[in-house]
Amino acid sequence: MKPFLYLDNWHALQAVSRFDDFLNSSGLQIETVRTNAGQLPRDSDYCGVFVSPSFNGAYDDLPWVHRLHEILRSLATRSIPMLGLCFGSQILASALVGREQVFIRDSRETGWGEIFLTEAARDDPLTRGLPDNIPAFHWHGDEVAAPHPDIIVIARSTGCGNQIWRWARGPVWGVQPHFEYDGDGLRVWFSGNRGQFEAAGMTLSGLESSASNCNDGFRLLENFVGIAANSDCMRIGKGRIPEE
């Protein structure tokens, strides 16, 4: 089995998430790379790739952000299954569809709210079997624009037209909400990044009191690990990436 690449894009180590625990118990060989610290993948062929959140933006003029664009474009040409969460979703769209696809919202989407699956989600391997409405924790000031022939929207919310999307040219998904933590993990994450949340006008007590497990959303991440574990059986052709 090829290794699974975990691209950790945080500025500092974060609380261990339920998704981290699930990956570590999956039997996959996990290669973790801290891109924000200047690390690079050792290889170029993996069974799957997870692109983590970050407090940075996909448009930031930073060496590691530019390098991550290059890495994702290279991995996509191999049709390796990839899933990006929050910033990870945004930088995948920026790298594979175009930098103009990521924009700064007029207002940040924060706190709890439902996302709604589209008709395209019913036959998608990432969301197949999930309920039509899923509660989710939102924390994003950037968004991936929905209208584009290479973007298939598979979930949206009342305040965001693109909560989950799939790249039309290969097995790549972007997920905006934070499904990686259970309720206890969210509370630790909130506390560890208190300054970031309070700067956006949110109180720690309010965040902690509303934290929940969001098991339906986590099933989506479990589905992706299953896709990665069986990736040799579901290659769908080399992705063609637009010129920069």
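Predicted model: local features only at pLDDT ≥ 70, side-chain atom pairs only at ≥ 80, totals over all residues.
Nine strands form an open sheet, in the order E2-E1-E3-E4-E9-E8-E7-E5-E6. Its pairing is mixed. Strands of a sheet pair through backbone hydrogen bonds, in either the parallel or the antiparallel sense. The edges are taken by strand E2 (30-34) and strand E6 (133-144). Each has a single partner strand, so one side of each is left without a neighbour in the sheet. From one strand to the next, the twist averages 25°.

Several pairings can be described by their bridges. Strand E5 (residues 102-117) pairs with E6 in the antiparallel sense over 11 bridges. Within this pairing, Glu109 stands opposite His140 in E6. E5 also pairs with strand E7 (residues 151-157), again in the antiparallel sense, over 2 bridges. Here Phe116 stands opposite Arg156 in E7. Strand E8 (residues 160-167) and strand E9 (residues 172-175) are antiparallel as well, with 3 bridges. Arg166 stands opposite Trp173 in E9.

The loop between E5 and E6 holds Thr127. Is Thr127 buried or exposed? Its relative accessibility is 1%, and the cut-off for buried is under 20%. Thr127 therefore counts as buried. Leaving aside residues up to four places away in sequence, Thr127 touches Leu117, Ala121, Ile154, Leu220 and Asn223.

The helices follow. Helix H7 (residues 215-229) lies across strand E1 (4-8), strand E3 (48-51) and strand E4 (82-85), and also across E6, E8 and E9. H7 runs at about 150° to E4.

Helix H3 (residues 87-96) has 10 of its 10 residues buried, so it is largely enclosed by the rest of the structure. Among the buried residues of H3 are Phe87, Gln90, Ile91, Leu92 and Leu96. Ser89 and Ser94 are also buried in H3. After H3 comes Gly98, with a positive phi near 150°. Arg99 is placed in the loop between H3 and E5. Arg99 is partly exposed, at a relative accessible area of 35%. Arg99 and Asp182 are 83 residues apart along the chain. Their C-alpha atoms are separated by 32 Å.

Helix H4 (residues 183-192) has two sides. Gly183, Gly185, Leu186, Trp189 and Phe190 are buried. Seen down the axis of H4, these buried residues fall within an arc of 155°, so they line one face of the helix. An α-helix has 3.6 residues a turn, so residues three or four places apart point the same way. On the other side of H4, Asp184 and Gly192 are exposed.

The aromatic contacts complete the description. A pair of aromatic rings is described by the distance of the centres and the angle of the planes. The count comes to 13 aromatic pairs.

The relative accessibility of Trp189 is 0%, so Trp189 counts as buried. Phe190 is likewise buried, with a relative accessible area of 0%. Ring pairs link Trp189 and Phe190 with Trp10, Phe55, Trp112, Phe137 and Tyr181 into a cluster.

Charged side chains also meet rings. The charged end of Arg18 sits over the ring of Phe218, 4.2 Å from its centre. Arg108 lies over the face of Trp139, and the distance to the ring centre is 4.5 Å.

Notes: Residues numbered from 1 in each chain as written. Heavy atoms only, no water. Pairing = 2+ DSSP bridges. Helix = DSSP H or I, 4+ residues; strand = E, 2+ residues; numbered from the N terminus. Axes fitted to C-alpha atoms, helices over the stretch in contact; angles between N-to-C directions. Contact = heavy atoms within 4.5 Å. Buried < 20%, exposed > 50% of the residue type's maximum accessible area, 1.4 Å probe, protein only. Arc of directions from axis to C-beta. Phe/Tyr/Trp six-rings, centres within 6.5 Å; stacked < 30°, edge-to-face > 60°. Lys NZ or Arg CZ within 6 Å of the ring centre and 35° of its normal.
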